[in-house]
Structures are given as C-alpha cells and as structure tokens.
Amino acid sequence: MQTFALQTKLCFGENALDALSSLQAQRVLIVTDRFFAENGIAEQIGKRCGCEFRIFSEVQPDPALTLIAQGVQVMQDFSPDTLIALGGGSAIDCAKGMLSMSDKDACLIAVPTSSGTGSEVTSFAILSHDGVKHPLVNDALRPRMAILDASLLQKLPKSLIADAGMDVLAHCIEAVAAKNASPFSEAFAVCAFRKALELLPKSYRGDSSVRETVHCAATMAGVAFDSAGLGACHALSHAIGGTFHLAHGRINGILLPHIITLNAPACTPSYNGLAGMCGLSGIAGLRLAIMRVRKQLELPATLHEAGLERNAVLREAEAISEAAVNDPCTLTNPRPVTKSDYLALLRSAL
Ligand SMILES: [Zn+2]
C-alpha cells in the first residue's frame, strides 16, 4: 500500500502574509537570521500575529547542533505555542531541529524567502555536526502551514536564485524516479520541473514577475520528494557539502547529469516520461536540458570549476562515499548504489 497526504496548508498569492493575522497564536517565536532581524521584516511578521512574540535571529547556513541547542534554550525560556521559520532552508531546518530536540510542543509555520529546499512542506531537515550533514526525517517535522509570499522574493541575490533553482530541478528528477514515486508525486514533480526549467533563467536575468511561479514550483517539488523520496544525487551532495561547504544546489547541478546516466537503465520510463512532458527528446534531452540551464544560471559543471582542488576531493573520496552510502536518500534511489558507484560518480564530477 502507498499513501499520499498533503499535510501543510499552503497560503499563496497576493498578500499571503495576511494569513498570520488569523493564527490565534498566544506566543510566537520567530526563527530567522540577522538579515531579516536587521531589515525589520521579522518584526513586521511578529506584529502581524497580534500576540506576544520574540525573535531568535542566530540562524546560520547549514544549521549546527550547537545552534539548535541555543534555540531550544530560547524555547525553554519563552514557551512559544508557535514557531515561525522566516528565511531559506536553513531557518526552516533550524526550527525543525529545535522542535525535535525540545520537550515543548509548538506549531510550525514556514515562511520561505528563497525558492529551493521545499523544507516548508517536507518532513526532512538537514543539520550539521562536526563537518557531517545529518538528515532528519520525521513526520512531525512537516510545517502546519507554509506562506508563499512573492513580496519577500524581489531582492533575491542571483547566486541564490541559481543554487536554489538547481536544487528544485534535482528534487524533481530524483522524485520522479525514486522508490516511493506514485502518480500523485509524479504530477507535482513534472509540473514543478517544467515551470522551473522554463522560468529559472528569466528569474536569474532579473525578471521578478516569474518569481512567484518559481516559488510555487519549489514547494511543489518539495511535496513530490517528501512523498516519493530522493536518491543518489542528494546522498552524495549531502556528503560533499558536509566536507567542503559548497552550496547544496550547486553540487546537485554538477552531479545530476552523471546521476541520470547511472540511474537511466533502472528508470527509463520515468525519465522518458518527464522528458516527454517537457518537450525534451528522451533521456539524452533531459541531460542536455540540465546542462543548458546550468550554463544559463552560470553554475559550475565540475567540482574543480566550483573551486575545489582535485587532490583535496580525492583525499576525502573514501569518507565522502562512505557517508553517501549511509545517507537515507540512498535507500530510495531507483537502483542500489554501492560505495564504489559513489567513488566513480565523484571522480566523474571532478
Ligand atoms: Zn535538495
């Protein structure tokens, strides 16, 4: 038996942030970074809730367990009934980490300000400790509500549009072929892929009118992979990112064409279906489309182009491959992947 559930209420369109005024929360803790604390947006979000609120603005990229512990302490002191995660995937994952480590229960609301991780609708969070990324997967981590407000996307830096956008494409490609894929997850993944592939270059070039659609596509991709699972691209990307601190989406963009080649024999109908629904000619067309959009987004094609020294990667290759094999995303890849497969993938991505 398979199941598919949409557990997060999505608020989107014009004035989506108005949803905050009907929360009926008593005590709200806003989990965000310095940027949103200093530009006043966190304060505005708190005021819209119409209740007592506090701002925890210490979120850093790749949230570490020490940061989570700091946040849990704030939860102990303030006793919020609602957490509002305001920011990119790191803010949302930090709030999820706080909820899972605290003995206090609170409702989680996600207000994503970048279009990529899909964390606003998933049961996944990525936390780091001592240079290793640890994926948390727990149904209780799915936000109760996600607010997709385009007004927060107007000043996105170009590099964030590119990195996060490539992550969306990776979520779609992995979700259509993953072990738990279903017609329902496929519908979300295909639609998100088609929109993101078409609109990301426009958004990157500065056309802010398409950003709301890309934002919704990122969330749709999150719905798809939350149900279907991910695969070897994310497993290896988590392992590389834990060691070298490169942007997650940037690594995915380097790995994706190699992953498509590796997995194609095990999921030809899924890849062909995705390609066909996007007007691409088969699996070769899918690979070419990824390489084309990667170029349009001015993203690197190899780890070396991304600034990593080949010898440094090779020195860590064994440990990275071992971490990838043990990553939960390996379990839902369409074909079994061994440590030597990951070593070969890593060498082809150099
Ligand atoms: Zn991802």
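In the predicted model, histidine 245 is exposed, because 11 other C-beta atoms lie within 10 Å and a residue counts as exposed at 12 or fewer. Histidine 245 belongs to the loop between helix 8 (232–244) and helix 9 (248–263). Its phi is positive, near 55°, although the residue is not a glycine. Most residues other than glycine have a negative phi. Aspartate 62 is another non-glycine residue with a positive phi, in this case of about 50°. Aspartate 62 sits in the loop that runs between strand 3 (52–56) and helix 3 (65–78). With 18 other C-beta atoms within 10 Å, aspartate 62 is partly exposed. A positive phi near 50° is also found at aspartate 130, in the hairpin of strand 6 and strand 7, where two residues stand between the strands.

The secondary structure of the protein consists of 14 helices and eight strands. The radius of gyration is 19 Å, close to the 20 Å given by the globule rule for 350 residues, so the protein is as compact as a globular protein of that length. Of the 350 residues, 53% are buried. Among contacts between residues at least 6 apart in sequence, 77% join residues that are at least 24 apart.The protein is divided into domain 1 (9–153) and domain 2 (158–348). Their centres, taken over C-alpha atoms, are separated by 25 Å. Contact between the domains involves 23 residues of domain 1 and 26 residues of domain 2. On the side of domain 1 that touches domain 2, strand 1, strand 6 (124–129), strand 7 (132–137) and strand 8 each supply at least two residues. Strand 7 gives the most, with four residues. By type, the residues on this side of domain 1 are 11 nonpolar, 10 polar and two charged.

Strand 6 and strand 7 run antiparallel and are joined by six bridges. Within this pair, serine 128 is placed opposite lysine 133 of strand 7. Five of the six residues of strand 6 are buried, so this strand is largely enclosed by the rest of the structure.

Six strands make up an open sheet with parallel pairing, in the order 1-8-5-4-2-3. Strand 1 (9–12) and strand 3 are the edge strands; each has a single partner strand, so one side of each is left without a neighbour in the sheet. From one strand to the next, the twist averages 20°. In a regular strand the side chains alternate between the two faces of the sheet.

Strand 5 (residues 107–112) is mostly covered, with five of its six residues buried. Its pairing with strand 4 is parallel and comprises six bridges. In this pairing, alanine 85 has alanine 110 of strand 5 as its bridge partner. Strand 5 also pairs with strand 8 (residues 145–148), in the parallel sense and over two bridges. Here alanine 110 has alanine 146 of strand 8 as its bridge partner.

Helix 2 (residues 41–48) lies across strand 2 (27–31), strand 3, strand 4 (82–87) and strand 5, and runs at about 160° to strand 2. Helix 7 (residues 211–228) packs on the sheet and touches strand 1 and strand 8. The direction of helix 7 makes about 155° with that of strand 8.

Glutamate 212 is found in helix 7. Glutamate 212 is buried, because 20 other C-beta atoms lie within 10 Å and a residue counts as buried at 20 or more. The C-alpha atom of glutamate 212 is separated by 8.8 Å from that of phenylalanine 12, although the two residues are 200 apart along the chain.

Terms used:
Residues are numbered from 1 along each chain as its sequence is written. This is a predicted model: local features need pLDDT of at least 70, side-chain atom pairs count only at pLDDT 80 or more; totals for chains, interfaces and linings use all residues. Two strands pair if DSSP finds at least two bridges between them. Axes are lines fitted to C-alpha atoms, for helices over the stretch in contact, and angles run from 0 to 180 degrees between N-to-C directions. Two residues are in contact if their C-beta atoms, placed from the backbone, lie within 7 Å. Domain bounds come from an automatic or database domain assignment. Ala, Val, Leu, Ile, Met, Phe, Trp, Tyr, Cys and Pro count as nonpolar, Asp, Glu, Lys and Arg as charged, and the others, Gly among them, as polar. The radius of gyration is taken over C-alpha atoms; the globule rule is 2.2 Å times the number of residues to the power 0.38.
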